[in-house]
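The sequence and the structure come next.

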Amino acid sequence: MHTSPNRLIATVFGAVYVLVGLLGFAVTGSVSFIATQGGLLLGIFEVNPLHNVAHLLIGAALLIAGVSNAMAAKVANSTIGAVYLLLGIVGFFIASTSLNILALNSADHFLHLASAIVLLGVGLTADKSVRSHATA
Amino acid sequence: MSPVIRTWLGFAALGSALIHLAVGATAPIPLSVLLVGFGVAELGWGIATLVTGRVLAAKIVVGGALIPVLIWGATAALGSGLGVTNAEIGLPLYPMAMASLFDIFLAATVAVALRRASNGSPTPVRAASPAGWRFVIGLVVGGFLFSAITTPALAATEVGSHAVPHGTHGVAELILPDPTGHGSH
């Protein structure tokens, strides 16, 4: 963990997203699964149960990859960062409400874009010499 | 060039690419082609720079990164000269300004690096590798900084106005941008 930026970032971001997912369920207990009116997490972030599940799954994937080894963390970081960025770009061109999630001026959109860029950045630039069996 | 600066160059290219793609998605056709083209090029260059750990095609980037800025400047100047407003040209001010900021940062940083290299400053025997606390902190700060600039810029585009509030996913309704381009504000 001390020498691999990928493991560090994956573990930290993974833990945060798992926490966010769990806390989200605390505020959406009475909200139906794909409701369009969600609960407010920390008074700022609007979430619904579908959202919380997404946060939990992505957070769990990052956390597990982060505590495993550097190659797993590198792959998880790059993949999740890339998929999120690509979904946003596709969303520009079809402007479908279910996919166009990057473009609003709200705190959670900023955090998600920041996560995508950081994950992609660390996945692509760090731990270049790592092998899959390494436990560094 | 330190790994952190190189990573920030990649992030600037990604930010500029996102904005150019978002603006290009609903711009009038000739501008749309140019903006989407440059957006794709910036995206590709940003990813390639992050992956390879080198600044690729530095001499081309110094000039090339400024072309979208010139395109925006030309459309604004010609438009105002001909009495056509910014809204009718189809390029929103704030997003293009932020994308231009990214491109200017890119061009200037690469230009400075090229100058230092040509002045013959001694290159380190082993360049710093992207690891350690300084790199991680620089990466996270860079990610948050470039997102803080990019997200509001995207929000100010036409595609941004079609976005749903976060937490309201699951509504499968297709909203297409106005096919005649700008003009529905």
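Among contacts in chain B between residues at least 6 apart in sequence, what percentage join residues at least 24 apart? The value is 81%, where two residues are in contact if their C-beta atoms, placed from the backbone, lie within 7 Å.

The model is predicted: local features need pLDDT of at least 70 and side-chain atom pairs count only at pLDDT 80 or more, while totals for chains, interfaces and linings use all residues. Residues are numbered from 1 along each chain as its sequence is written, and chains are lettered from A and ligands numbered from 1 in the order in which they are written.

**Chain B**

Chain B has eight helices and zero strands; helices (H or I, at least four residues) and strands (E, at least two) are DSSP runs, numbered from the N terminus. Of its 185 residues, 41% count as buried. A residue is buried if 20 or more other C-beta atoms lie within 10 Å of its own, exposed if 12 or fewer, and partly exposed in between, with C-beta atoms placed from the backbone.

Helix α7 of chain B covers residues 132-155, 24 residues in total. From first C-alpha to last it reaches 35 Å, close to the 34 Å expected at 1.5 Å a residue; the expected span is 1.5 Å times one less than the number of residues. Buried residues of α7(B) include B:Phe135, B:Leu139, B:Phe146 and B:Leu154.

Neither residue in the table is glycine.

| Residue | Phi | Other C-beta atoms within 10 Å |
|---|---|---|
| A:Asp127 | near 55° | 23 |
| B:Ala57 | near 50° | 13 |

A:Asp127 lies in the segment after α4 (107-125) of chain A and is buried. B:Ala57 is in the loop between α2 (29-52) and α3 (58-64) of chain B and is partly exposed.

**A helix pair in chain A**

Two packed helices are described by the angle between their axes and the distance between the axes. Helix α1 (residues 5-27) and helix α2 (residues 49-68) of chain A pack at about 155°, with axes 7 Å apart. Therefore α1(A) is roughly antiparallel to α2(A), a label for angles over 145 degrees. The contact includes A:Phe13 and A:Tyr17 of α1(A) and A:Leu56 and A:Leu63 of α2(A). By class, this contact has 14 nonpolar, nine polar and one charged residues. Ala, Val, Leu, Ile, Met, Phe, Trp, Tyr, Cys and Pro count as nonpolar, Asp, Glu, Lys and Arg as charged, and the others, Gly among them, as polar.

Notes:
Axes fitted to C-alpha atoms, helices over the stretch in contact; angles between N-to-C directions. Parallel < 35°, antiparallel > 145°, perpendicular 65-115°, else oblique.
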